[in-house]
Amino acid sequence: MRLKTFLYTLCLRRYRAVSFDIFDTLLERDVDRPVDVFLRVGDIVLGAGKGEQFQADRIAAEKAARVPAPNGEVTLDDIYEALIAAGYDRETAEELKTEEVRSELNGCFVKASMKPVFDAALKRGKTVFLISDMYLPPEVISGMAARCGYEGYEKLFVSNEYGVSKRSGKLFDEVLKEYDLSKKDLLHIGDSIGADLLGARKAGIAALPVARKNRLGRLLDRS
Ligand SMILES: [Mg+2]
């Protein structure tokens, strides 16, 4: 067992349950920034060279969709409705949405440093949750996890399904409530300072950080 896996696994001992963030924690995507997926989607559906405009429109649509949403939590459908409201025709929007899902599914791969930690948690009989602040439908996210070899976990919690986020601490509260766990039963592992480390702190649960590729670039980009 590698030292890093060993150290994480050691930390699991005191807890009955472990929640893993998904993006940049258990799996990675074949783009530098999540919004770069939109570039590819635009080029494929609208034609070469159209990716940049679509990327800008897709980002703006997500922003617009979040404004009226309770707690700012939106689904992929909400985002594409905002895109239609901004002038895209419905048929094209549907094609773009389908391609976005396909690109996400095809563009993800396992984060090799964390798979052994996930496996060790299961092997040691921990109740394992996946938990994500994300607009993608739960079935797409579980499909991405499955593609990367993540099976056997108890349940996936996605913010857009519950209407509350990790970042606020409230999605962790949902996990505790649904599984009748106390705060000291659960350990969270994730890469985001705001959503994973501070969010867990708001919920009163312990958290461990995970290194993320290109953190500086992402910070400068504020995404
Ligand atoms: Mg993450």
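Author: The charged end of Lys155 sits over the ring of Phe157, 5.0 Å from the centre of that ring. A charge is said to sit over a ring if NZ of Lys or CZ of Arg is within 6 Å of the ring centre and within 35 degrees of the ring normal. The model is predicted, and local features need pLDDT of at least 70, side-chain atom pairs count only at pLDDT 80 or more, and totals for chains, interfaces and linings use all residues. Residues are numbered from 1 along each chain as its sequence is written, and side-chain values use heavy atoms, with hydrogens and water left out.

By definition, rings of Phe, Tyr and Trp (its six-membered ring) pair if their centres lie within 6.5 Å; planes under 30 degrees apart count as stacked, over 60 as edge-to-face and the rest as tilted. Phe129 lies in strand S4 (residues 127-132) and Phe157 in strand S5 (residues 155-158), so the pair ties together parts that are 28 residues apart in sequence. Strands (E, at least two residues) and helices (H or I, at least four) are DSSP runs, numbered from the N terminus. Ring pairs extend the group, linking Phe129, Phe157, Tyr162 and Tyr179 into a cluster.

Both Phe129 and Phe157 are buried, a term for under 20% relative accessible area, with exposed over 50% and partly exposed in between (1.4 Å probe, protein chains only).

The nonpolar cores complete the picture. Such a core is a set of buried Ala, Val, Leu, Ile, Met, Phe, Trp, Tyr and Cys residues joined through side-chain atoms within 4.5 Å. The largest has 51 residues, and Phe20, Leu136 and Ile189 have the most contacts inside it. Helix H4 (residues 76-85) gives the most to this core, with six residues. Phe157 is found elsewhere: a second, separate core of 14 residues includes Ile131, Phe157, Val164 and Phe172. Leaving aside neighbours within four places in sequence, Phe20 is in contact (heavy atoms within 4.5 Å) with residues including Phe129, Ile131 and Ile189.
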